[in-house]
Amino acid sequence: MSNFHVNYLTGSDSTGDGTTGNPWATLKYALENGPAIAGDVVKIAGSTTTDVDTAASPDSNNQTTVINTSVDLTGVLAVNDVIRVSPNMSDGPEFDGWMLTEIVSLNATSITTRAKWQFPNQATTNFTITKINDQILTPATSSESIASDTYIDVIVEGGYNNTFTSIVGLTFIVNSDVTAGSRAGNFYTFTSGTENVVTPLFKNFAMCRWQFGISTPFGKSAQIANLHILNGQGNPGAGGGFVVPTSLSEAGIYLNDVDNSFPYSGATALFVPKAGENYIGGLKAYLNQNRDRSLNFSTGEVSGFDWYSVYYSTFGTSQFWSESINLGINGDISLVGYDFNAITTGFARNTGITAAQANINCNSLNIVRNGQTGFEYSLNLISNYLGKKSQGSSYIKLPTGSVLEDYLWAPTSNAPTIFFPATLSIEDDNGIWNGLTNSILSKQNLVDQETGDSCLELKCLGGRAYSQFQSSGILAAFKSKIGATRLSSIEMRIKNVDNPSTNTLELKIQIGEGVYPLNPAAILSGSSIGTWTTVTFNIISAFQAGEYLLTRNTIVPMTLSNLNTDYTKTILIDSITPIYA
């Protein structure tokens with residue numbers, strides 16, 4: 001095994017020899033002229049860092065781009081600089097030390113960043129601002145084209161000091177052709193190859209303002225460990241993905257202000273390396289989606305993630321993926337919560353992960369509230385709604401030792417358009433709950449029934465959000481006509497377990513082009529707690545689209561809706577009986 005050495009700032013491809021004292025100037029030259037073969041390591045000189053302010057603070061706990069500095073940094077930093085920002089939140093150490101952003105403007109008392117910041121309402125929140133020294137500022141004309149497949153078993157390790165004796169950080173490669181908020185071109189471009197994985201193993205790199213800092217051919221993957229991307233795309237090229245060798249049990253990828261898809265594009269899921277190809281190590285994601293970009297139509301698997309986001313999407317949910325299919329998330333998850341009382345503007349008011357379809361298995365689920373408590377911090381981990389092309393069944397496994405009520409769930413829609421072929425299951429210590437998105441979930445209850453062998457237990461999940469509408473899945477469906485009779489009412493035996501308020505639930509019919517409440521619309525008053533009650537719902541008086549019942553023989557589906565989401569409620573249903581007349 002041989003070691004080669006590269007220093008982009010002081011090395012030379014014409015007079016260098018690849019030694020520690022006389023390094024080359026580019027990776028391309030080191031690979032091709034070393035020449036690097038399987039087992040070789042190419043060491044790249046990196047960038048040191050300096051903390052320049054440890055007591056900065058956001059100018060608002062609401063959405064902001066302005067950081068108030070405790071010292072004058074105008075002689076230390078400059079517009080367009082890439083900097084590291086650490087939000088020192090009281091219960092969120094996962095968010096310190098890795099977030100990158102760019103400076104848009106600065107003066108003696110503040111910095112305006114490309115990033116948008118938001119915090120739960122805590123007065124003592126502060127920032128550490130870190131300067132990146134010795135950044136490799138390079139134009140797109142200096143990008144490097146490298147043959148695919150040839151160097152798969154080579155390790156390219158960045159972040160070394162100038163003597164190549166120790167790793168001091170990352171190697172920052174920044175596109176100097178564009179300014180803050182812009183991006184263009186590729187830096188390392190790997191040409192067409194025959195393998196699924198076509199690159200060396202890249203360690204300890206930060207690729208900034210490149211469309212693809214590491215670019216692979218269509219459907220091909222790049223090996224990475226400790227890769228940071230700022231203002232780029234969340235993959236290495238046209239439909240490819242990032243992978244971790246099995247030799248590394250887990251490796252981190254840090255995405256700041258990215259878009260497109262991650263880990264893989266849903267359109268090219270067949271190109272994901274398969275078991276047995278030695279690229280199934282854990283990919284732990286650190287996601288700082290702090291701008292107006294989002295990832296869409298993504299697939300693949302990540303080994304847990306830490307996520308800070310102020311990006312907002314449909315239904316007032318701030319989420320990292322705007323759409324996913326067969327997305328697997330396994331491991332420890334940390335999310336920044338949203339304080340409904342502090343966030344008063346019209347953007348997202350609850351925390352989510354993705355829309356459409358995913359499977360999430362949580363070893364732990366930490367919601368950062370900065371010391372605050374209460375139902376104002378809502379979750380909507382998976383939203384699934386009409387208009388998304390990747391609908392399907394989703395699953396969430398909560399951490400062992402937890403139940404639904406440990407988390408504060410949010411409604412998913414500002415209109416009752418929830419009749420579509422998608423389901424969600426959430427497993428906690430009490431069993432498996434089912435529903436349509438995390439709104440009102442249900443499971444079989446073998447203990448608390450009044451008649452028969454079991455009843456249906458519904459959990460109406462509390463928590464506030466941009467919307468106040470919740471709905472169960474379809475509870476029952478009946479024919480609209482039997483012979484000469486038609487469906488005229490529904491009789492339901494129901495028990496209010498713990499809901500002290502009045503007029504909070506209603507039974508609705510979903511049919512035709514609308515959703516229609518039955519009469520009486522409101523049920524379960526606070527005075528009926530703990531009592532089995534038979535409620536009869538008259539269909540005709542409230543059903544606006546009467547033609548479906550009067551003139552057609554069809555199936556009539558019914559669902560329960562929640563009109564008040566202030567707290568979690570438990571409902572038992574012993575029977576649902578159709579009445580024909």
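Trainee: Why does Arg 493 count as partly exposed?

Mentor: Its relative accessibility is 23%. Buried means under 20% relative accessible area, exposed means over 50%, and partly exposed is in between, with a 1.4 Å probe and protein chains only. At 23%, Arg 493 therefore counts as partly exposed. Before we go on: this is a predicted model, where local features need pLDDT of at least 70 and side-chain atom pairs count only at pLDDT 80 or more, while totals for chains, interfaces and linings use all residues. Residues are numbered from 1 along each chain as its sequence is written, and side-chain values use heavy atoms, with hydrogens and water left out.

Trainee: What makes Pro 557 buried or exposed?

Mentor: Pro 557 has 7% relative accessibility, so it counts as buried. You'll find it in strand E39, residues 555–562. Across the protein chain, 59% of the 581 residues count as buried.

Trainee: Where is Arg 493, and what does it touch?

Mentor: Arg 493 is in strand E35, residues 485–496. Contact means heavy atoms within 4.5 Å. Leaving out residues up to four places away in sequence, Arg 493 touches several residues, among them Glu 450, Trp 532, Leu 572 and Asp 574. Ile 573 is on that contact list too; it is 80 residues from Arg 493 in sequence, but their C-alpha atoms are 5.8 Å apart in space.

Trainee: How far apart are Pro 557 and Leu 475 in sequence and in space?

Mentor: Pro 557 and Leu 475 are 82 residues apart in sequence and 7.6 Å apart in space, C-alpha to C-alpha. For the protein chain, 74% of the contacts with a separation of 6 or more are between residues 24 or more positions apart.

Trainee: How many helices and strands does the protein chain have?

Mentor: Two helices and 40 strands. Both are DSSP runs numbered from the N terminus: helices are H or I with at least four residues, strands are E with at least two.

Trainee: Why is strand E31 called largely enclosed?

Mentor: Strand E31 covers residues 455–460, and five of its six residues are buried, so the rest of the structure largely encloses it.

Trainee: Which strands does E31 pair with, and how do you know?

Mentor: Two strands pair if DSSP finds at least two bridges between them. Strand E30 (residues 440–445) is joined to E31 by six bridges and runs antiparallel to it; here Ile 440 stands opposite Cys 460. E31 and strand E40 (residues 569–580) have five bridges, again antiparallel, with Cys 460 opposite Lys 569.

Trainee: What makes E10 and E15 edge strands?

Mentor: They belong to an open sheet of three strands, in the order E10-E13-E15 with parallel pairing. Strand E10 (144–146) and E15 each have a single partner strand, so one side of each is left without a neighbour in the sheet. Neighbouring strands here are turned by 10° against each other on average, direction ignored. E10 and strand E13 (residues 186–190) share three bridges, and Glu 144 stands opposite Tyr 188.

Trainee: In what order do the six strands of the barrel close?

Mentor: The order is E3-E4-E7-E6-E5-E8, with antiparallel pairing. The twist averages 45° from one strand to the next; axes are lines fitted to C-alpha atoms, for helices over the stretch in contact, and angles run from 0 to 180 degrees between N-to-C directions.

Trainee: How many cavities does a search of the whole structure find?

Mentor: Three cavities of 30 Å³ or more. On a 1 Å grid over the protein atoms alone, a cavity is a set of points where a 1.4 Å probe fits but cannot get out, while a pocket is an open set with protein on both sides within 12 Å along at least five of seven lines; lining residues have an atom within 4 Å of a point. The largest cavity has a volume of about 50 Å³. Strand E15 gives the most to its lining, with three residues.

Trainee: How many charged residues are in the lining of the largest cavity?

Mentor: None: the lining has six nonpolar and four polar residues. Asp, Glu, Lys and Arg count as charged; Ala, Val, Leu, Ile, Met, Phe, Trp, Tyr, Cys and Pro as nonpolar; and the others, Gly among them, as polar.

Terms used
Grid points are joined across faces, edges and corners, and a volume is the space filled by probe spheres set on the points.
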